[in-house]
Amino acid sequence: MPEVQVRKKVLMVEEIFHEGGPIADKPQRRAAILAVIRNPYAGSYVEKIEPFMDDLKPLGLEMARALVAALGGDSKVVEGYGKGAIVGSAGELEHGALWHVPGGYAMREILGGAKAIVASTKKVGGPGTRLDLPITHINASYVRSHFDAMEVGINDAPRADEIVLALVMTTGPRVHARVGGLRANEIKGEDGLR
Amino acid sequence: MKAKIRKIATFVEETSMEMGRKVDPPTRRAAAVAVIENPYAGQYVEDLSELMSIGEELGELLTQRAVAALGIEGAYAESYGKAAAVGENGELEHAAAILHPKLGTPVRRVLGKGAALIPSSKKRGGLGVVLDIPLGHKDAAFVRSHFDGMEVRISDAPRAHEIMVAIAVTDSGRPLARVGGLSKDQIKGEDGLR
């Protein structure tokens with residue numbers, strides 16, 4: 001069982017008061033956390049990689065808890081989420097896919113069983129690579145006001161034999177959301193979509 | 001056509017080797033990107049319906065271009081995604097107006113089906129900004145082999161009064177996908193999820 005070796009973590013928080021329109025009563029906040037880990041499969045083709053998903057579960061939970069803490073400590077304020085990964089150049093895109101299960105289910109667990117699929121993206125890249133983490137509502141993917149994204153990146157990661165793992169949470173809709181569609185107060189909450 | 005288009009760019013990627021292994025058949029993905037004038041640049045406008053109509057036009061046009069770039073019938077597309085980048089004199093909500101209310105219907109018409117949510121990302125940025133278009137299977141969002149993303153950028157866009165609108169389509173999942181989960185041959189295709 002490969003050990004999860006973390007070299008670095010980065011936490012980013014944004015607070016958005018307005019975007020040219022009325023100043024929000026409650027500013028929207030976004031938080032992203034990034035962990036730079038060693039890629040145990042860097043440099044060679046390994047067929048059986050699935051077990052590493054279990055190894056990543058504690059890290060996923062730790063990162064999800066850190067995001068809730070960064071947003072004030074109450075998981076009830078979290079309304080949107082997303083995740084992503086950047087694999088260093090000695091790895092392959094498939095190594096980033098290992099993050100889907102431990103990253104996604106960690107956030108759902110910490111948020112008390114969020115129902116919607118966790119939006120995600122991934123890529124292979126060098127140090128300084130930027131990633132746009134897609135964000136959707138935690139209980140209903142179709143809530144239009146919560147479709148969002150947050151750009152993240154670390155100037156010195158990922159090195160060739162590393163992976164940057166990322167989670168993001170938000171506290172509300174886009175600051176001037178007004179393009180209609182399903183609203184957060186109309187969620188049925190049965191299928192994770194509406 | 002309501003959209004004032006300055007430029008359309010098309011990108012195709014074909015991956016035939018990964019970590020020394022042959023990818024057979026190669027995985028392929030295409031993105032079509034339009035650079036349009038932002039009718040609301042420089043001012044706060046409450047009603048964004050013109051951009052919603054522009055989204056409808058671009059949904060059809062860009063999906064046709066992307067499918068054509070792959071050289072396939074729309075029905076053979078496997079995953080999709082959409083994204084937009086707003087120039088510095090616009091607001092994030094302009095991207096939302098293009099992407100969310102009306103763009104999806106013509107995309108699905110061109111592709112024959114599309115029961116799943118179209119994953120999306122958006123941002124505001126300057127010339128040369130990078131867009132990561134998230135990708136997911138078009139009929140079942142949980143197909144793990146098709147969680148992916150495609151990076152696009154245009155060096156001279158978006159100018160301050162412009163918006164870049166992108167649609168990506170694939171005929172395959174990730175190269176050498178092997179992290180388990182729902183596979184495409186297990187799709188029921190009823191709820192857009194599985």
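Colleague: How many residues of chain B are in contact with chain A?

Modeller: 38 residues of chain B are in contact with 37 residues of chain A. This is a predicted model. Contact here rests on C-beta atoms within 7 Å.

Colleague: Which elements of chain B touch chain A?

Modeller: Those giving two or more residues are α2 (92-99), β4 (120-124), β5 (130-137) and β6 (148-153) of chain B.

Colleague: How do the residues on that side of chain B divide by class?

Modeller: There are 18 nonpolar, seven polar and 13 charged.

Colleague: Now the helices. Why are α1(B) and α3(B) called roughly parallel?

Modeller: Helix α1 (residues 49-70) and helix α3 (residues 104-111) of chain B pack at an angle of about 30°. Angles under 35 degrees count as roughly parallel. So α1(B) and α3(B) are roughly parallel to each other. Their axes lie 7 Å apart.

Colleague: What makes the contact between α1(B) and α3(B)?

Modeller: From α1(B) come B:E56, B:G59, B:E60, B:T63, B:Q64 and B:V67. From α3(B) come B:G104, B:T105, B:P106, B:V107, B:V110 and B:L111. By class, that contact has five nonpolar, five polar and two charged residues. The crossing of α1(B) and α3(B) is right-handed.

Colleague: Which residues make the contact of α2(A) with α4(A)?

Modeller: α2(A) brings A:K57, A:G60, A:L61, A:M63, A:A64, A:R65 and A:V68. α4(A) brings A:P102, A:G103, A:A106, A:M107, A:E109 and A:I110. Eight residues of this contact are nonpolar, two polar and three charged.

Colleague: What makes up the largest nonpolar core?

Modeller: That core has 112 residues. Those with the most contacts inside it are A:A166, B:A84, B:I98, B:M164, B:V165, B:A166 and B:A168. α1(B) gives the most to this core, with eight residues.

Colleague: Which residues does B:M164 touch?

Modeller: Leaving out residues up to four places away in sequence, B:M164 touches B:V33, B:V35, B:A84, B:A85, B:L131, B:I154, B:A157 and B:P158.

Technical notes. Residues numbered from 1 in each chain as written. Chains lettered and ligands numbered in written order. Predicted model: local features only at pLDDT ≥ 70, side-chain atom pairs only at ≥ 80, totals over all residues. Axes fitted to C-alpha atoms, helices over the stretch in contact; angles between N-to-C directions. Helix = DSSP H or I, 4+ residues; strand = E, 2+ residues; numbered from the N terminus. Parallel < 35°, antiparallel > 145°, perpendicular 65-115°, else oblique. Left-handed = near helix turned anticlockwise from the far one by under 90°. Contact = placed C-beta atoms within 7 Å. Nonpolar A, V, L, I, M, F, W, Y, C, P; charged D, E, K, R; others polar. Core = buried A, V, L, I, M, F, W, Y, C linked by C-beta atoms within 7 Å. Buried ≥ 20, exposed ≤ 12 C-beta atoms within 10 Å, placed from the backbone.
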